[in-house]
Amino acid sequence: MPVERRLKLLHCDAPLARSSAEPAVKIAFASADRRRVDQHFGAAAAFAIYAVDRNGCELLEVVQFGQLAMDGHEDKVSAKLDALKGCVAVYCQAVGASAVRQLRAQGIQPLKVPAGSLIKTLLRELQRELADGPSAWLARAMAMHQPCAKGCEKDRFDAMEAEGWCE
């Protein structure tokens with residue numbers, strides 16, 4: 001079982017202007033130095049997790065793992081998946097097919113970027129995308145992470161029936 005350390009940042013006043021109409025998304029970066037994406041997903045020493053909306057971003061948490069080898073053992077991936085709960089995406093320099101399937105099953109989009117990509121640049125690009133209108137993968141991921149994403153269809157039809165809607 002890999003050793004894990006977490007640093008959660010608590011703020012007295014939330015710097016992001018969050019509203020129910022435009023919630024912030026959680027994005028993770030596989031990074032040993034918290035400045036660059038420099039890790040393979042399966043052997044990542046740490047993840048830096050940010051909240052991002054069109055107006056800003058903030059570091060929420062850093063999760064560190066013990067020394068891991070890229071040996072194909074799946075047990076280390078489960079700890080990583082647990083650490084990324086609530087994230088819509090994880091940026092990494094590489095990711096294996098099995099990990100991609102597991103990430104996608106949890107609604108997390110793996111994004112491969114060139115080694116050494118600056119996190120601040122990726123955050124700015126993501127903010128720009130949120131401001132301009134999210135791409136298909138981001139819109140889908142955001143919808144999956146909304147509180148009622150899985151039960152909304154039933155609720156929507158119940159509300160229409162209560163209003164007297166019919167075909």
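These are my notebook entries on what I looked up in this predicted model.

**Ground rules**

I'm working with a predicted model, where local features need pLDDT of at least 70, side-chain atom pairs count only at pLDDT 80 or more, and totals for chains, interfaces and linings use all residues. Residues are numbered from 1 along each chain as its sequence is written, and side-chain values use heavy atoms, with hydrogens and water left out.

**Entry: overall layout**

I started with the secondary structure and got five helices and eight strands. My helices (H or I, at least four residues) and strands (E, at least two) are DSSP runs, numbered from the N terminus. Along the sequence, I read the pattern as β-β-β-β-β-α-β-α-β-β-α-α-α.

Next I checked burial. The protein has 167 residues, and buried ones make up 38% of them. For the record, buried means under 20% relative accessible area, exposed means over 50%, and partly exposed is in between (1.4 Å probe, protein chains only).

**Entry: aromatic rings**

How many aromatic pairs are there? I count rings of Phe, Tyr and Trp (its six-membered ring) as paired if their centres lie within 6.5 Å; planes under 30 degrees apart are stacked, over 60 edge-to-face, and the rest tilted. By this rule I get four aromatic pairs.

One of them is Phe29 with Tyr91, which is stacked, at 5.0 Å centre to centre and 20° between the planes. Phe29 sits in strand β2 (residues 25-30) and Tyr91 in strand β6 (residues 87-92), so this pair ties together parts that are 62 residues apart in sequence. I looked up burial for both: Phe29 is buried, and Tyr91 is too.

Phe41 and Phe47 are both buried.

Then I followed the ring pairs along and found a cluster that links Phe29, Tyr50 and Tyr91.

Ile27 has a relative accessible area of 0%, so I call it buried. To Leu123, 96 residues apart along the chain, I get 8.9 Å. To Leu126, 99 residues apart along the chain, I get 9.6 Å.

Leu126 belongs to helix α3. Is Leu126 buried or exposed? At 1% relative accessibility, Leu126 counts as buried.

With a relative accessible area of 43%, Arg124 is partly exposed. I checked Arg124 against Asn55: they are 69 residues apart in sequence and 9.9 Å apart in space, C-alpha to C-alpha.

Which residues form the positive surface patch? I find Arg35, Lys120, Arg124 and Arg128 in it. My patch rule takes residues with over 30% relative accessible area and no salt bridge, joining like charges within 9 Å and nonpolar side chains (Val, Leu, Ile, Met, Phe, Trp, Tyr) within 5 Å. Lys and Arg count as positive and Asp and Glu as negative, while His and the chain ends are not counted. I place each charge at NZ of Lys, CZ of Arg, CG of Asp or CD of Glu.

**Entry: salt bridge search**

I searched the whole structure and got one salt bridge (a side-chain nitrogen of Lys or Arg within 4 Å of a carboxyl oxygen of Asp or Glu). Here the side chains of Asp82 and Lys85 meet, at 3.5 Å, N to O. Asp82 is partly exposed, with 43% relative accessible area, and Lys85 is partly exposed as well, at 47%.

**Entry: two loop residues**

Most residues other than glycine have a negative phi. I placed Arg34 in the loop between β2 and β3 (36-37). Arg34 comes out partly exposed, at 40% relative accessibility.

Last stop was Gly66. I find Gly66 in the loop between β5 (56-65) and α1 (75-83). The relative accessible area of Gly66 is 22%, so it goes down as partly exposed. From Gly66 to Ala46, 20 residues apart along the chain, the C-alpha atoms are separated by 8.9 Å.

Notes. Areas by Shrake-Rupley, 256 points an atom, 1.4 Å probe, with all protein chains shown as cover.
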